[in-house]
Amino acid sequence: MSSGSAGGDGRAAALSARGSRIASGARGLLDKGFDLYIADPFDRDRNPRGILNLGTSENKLCYDLIQERLTRPDMNYLEPQLLQYSDTQGIESFREEIAKFLTEYAKAPKALNPEHIVVMSGCCAVFATLSTVLCDPGDGYLIPTPYYGGINSKTWLYGGIQPVHVPLFSEVTDEESHPFQLTVEKLEAALQRAKEQGIRVRALILINPHNPLGDIYPAQLLKECLEFAHRFSEQQQISDDLKYNRYQLHVIIDEIYMLSVYDDTTFTSVLSLDCLPDPERTHFMWGFSKDFGMCGIRVGVLYTRSHEIRKAVNQLAVFHGCPGPVQYVLSQFLSDRDWLDNVYFPTNKKRLKEAQSILVDGLAEIGIPVFKSSGGLYIWADFRKFLKSQTFEAEMELWWKFLDEKLLISPGKAFCCYEPGWFRMVFSDSVDKIYLGIQRLEQMLQTETAEPVANKTSAEEDELSNSEDETSVNHANTSLDEVSETYSDMKKIVVY
């Protein structure tokens with residue numbers, strides 16, 4: 001073997017072109033922030049000056065309830081079949097419980113079919129497999145910004161597809177009633193831009209309740225979005241009937257926070273709609289990570305009426321299966337309606353509302369407005385007045401100041417927000433940690449107003465400051481920094 005195969009070239013040669021593409025993909029800001037936290041986690045006894053994590057969306061408010069339910073006798077069950085190979089679509093009895101659960105809590109007009117359900121190891125796996133079977137490399141999907149940036153990698157690593165942004169802004173125009181408002185007109189404009197750039201759009205992704213905004217799509221808007229996708233498919237059929245199947249627009253609804261609504265706003269699940277414009281191309285996602293505070297369990301659910309899509313997804317599901325004992329335990333959770341209705345869900349809602357109020361009130365006292373939210377585990381906070389300039393470079397400098405103060409929150413850039421200065425803050429944690437987070441935030445901002453933000457010099461910090469979340473994706477849009485320039489003299493908008 002020649003010496004030329006050693007070193008960096010040799011290591012690269014060990015990978016396929018696809019492997020090299022995956023290995024070279026940049027980690028997103030959410031992942032990098034979490035890595036910093038893991039290396040120095042806060043602990044009130046062992047590491048009180050560690051990083052306090054109000055950046056990762058985890059529900060830590062009901063561990064006591066989950067722990068108590070897990071220790072009941074019905075959970076202590078193990079049969080040989082649970083340790084054997086099972087249906088890659090999910091154990092039939094588990095899918096039946098999921099179908100009954102979603103029929104009731106998503107308020108479906110008729111009983112959902114367990115055969116339309118695929119169980120996988122988290123919603124990340126659902127995104128990855130759906131993007132692979134619905135799209136070809138280079139295809140795009142419409143998605144309103146800001147949005148959970150982790151979707152980028154989940155759809156890119158397997159499927160090689162790219163987001164087509166639908167930019168939303170905090171400034172309210174004459175045609176809008178609230179900040180960051182989605183309209184069909186904005187979807188149409190983004191679709192037209194993609195067409196002009198030669199990008200074939202195959203799907204529309206909606207997150208409801210929204211991450212990171214925390215708002216809820218009204219039923220009418222949800223219906224309009226579904227009609228928009230259906231109209232697009234019909235137009236493509238008329239224009240080129242022979243290629244119809246390659247130009248249909250699917251709608252993927254991520255409802256991972258469906259049962260984490262903490263005020264009186266009415267939540268409308270896509271499963272509750274009587275008549276879908278295009279039922280074969282409407283796909284629902286949900287999981288146990290957020291509503292049940294079980295991020296580590298890694299169980300996600302896909303509900304799709306399309307036999308062909310289920311057939312394709314099931315071929316990949318063998319790589320993303322859930323252990324039999326886990327499926328059994330979760331079946332027990334879902335079937336215990338008395339515990340869900342009288343203990344878990346009312347307590348969870350009450351604790352979410354209390355924690356959200358503490359954080360919002362604490363931020364108000366130090367002059368930080370937030371976007372009005374109704375669901376999810378976080379608030380969307382406006383730090384624009386603390387930026388040295390209305391740029392994403394200034395946002396990243398501010399983010400580093402938070403980390404220097406041992407506080408992890410998530411910058412808007414990680415969510416592909418088009419306005420610098422917005423941050424997501426998670427409130428679903430203990431009261432003492434929320435108060436500590438506010439205290440560290442206030443200390444940092446007091447220092448910030450007295451001293452200019454110091455320039456970072458380390459290689460790691462430069463790497464983070466210069467990277468968008470999942471920079472391996474080519475976004476089909478105007479760049480974030482170009483948009484931010486138009487907001488350099490923008491009037492401050494309070495959005496309580």
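I began with Cys 416, which I found in the loop between β11 (410-411) and β12 (422-426), where helices (H or I, at least four residues) and strands (E, at least two) are DSSP runs numbered from the N terminus. Cys 416 is not a glycine, yet I read a positive phi of about 55° for it. I also looked up its accessibility, and at 0% relative accessibility Cys 416 counts as buried, a word I use for under 20% relative accessible area, with exposed for over 50% and partly exposed in between (1.4 Å probe, protein chains only).

I note that this is a predicted model, in which local features need pLDDT of at least 70 and side-chain atom pairs count only at pLDDT 80 or more, while totals for chains, interfaces and linings use all residues. Residues are numbered from 1 along each chain as its sequence is written, and side-chain values use heavy atoms, with hydrogens and water left out.

I then turned to Lys 406, in the loop between α13 (392-404) and β10 (407-408), which is likewise not a glycine and has a positive phi of about 65°. Lys 406 counts as partly exposed, at 23% relative accessibility.

The bond joining Asn 208 and Pro 209 is cis, with omega about -5°.

For helix α10 (residues 307-317), I listed Ile 309, Arg 310, Val 313, Asn 314, Leu 316 and Ala 317 as buried. They lie on the same side of α10 because they cover an arc of only 160° around the axis, the arc being that of the directions from the helix axis to the C-beta atoms. Exposed residues Glu 308 and Gln 315 sit on the face of α10 turned away from its buried side.

I also looked at Leu 134, in helix α6 (residues 123-134), which counts as buried at 5% relative accessibility. Between the C-alpha atoms of Leu 134 and Gly 159 I noted a separation of 8.7 Å, the two residues being 25 apart along the chain.

My last entry concerns Glu 224, which is found in helix α9 (residues 219-239) and is partly exposed, with a relative accessible area of 33%.
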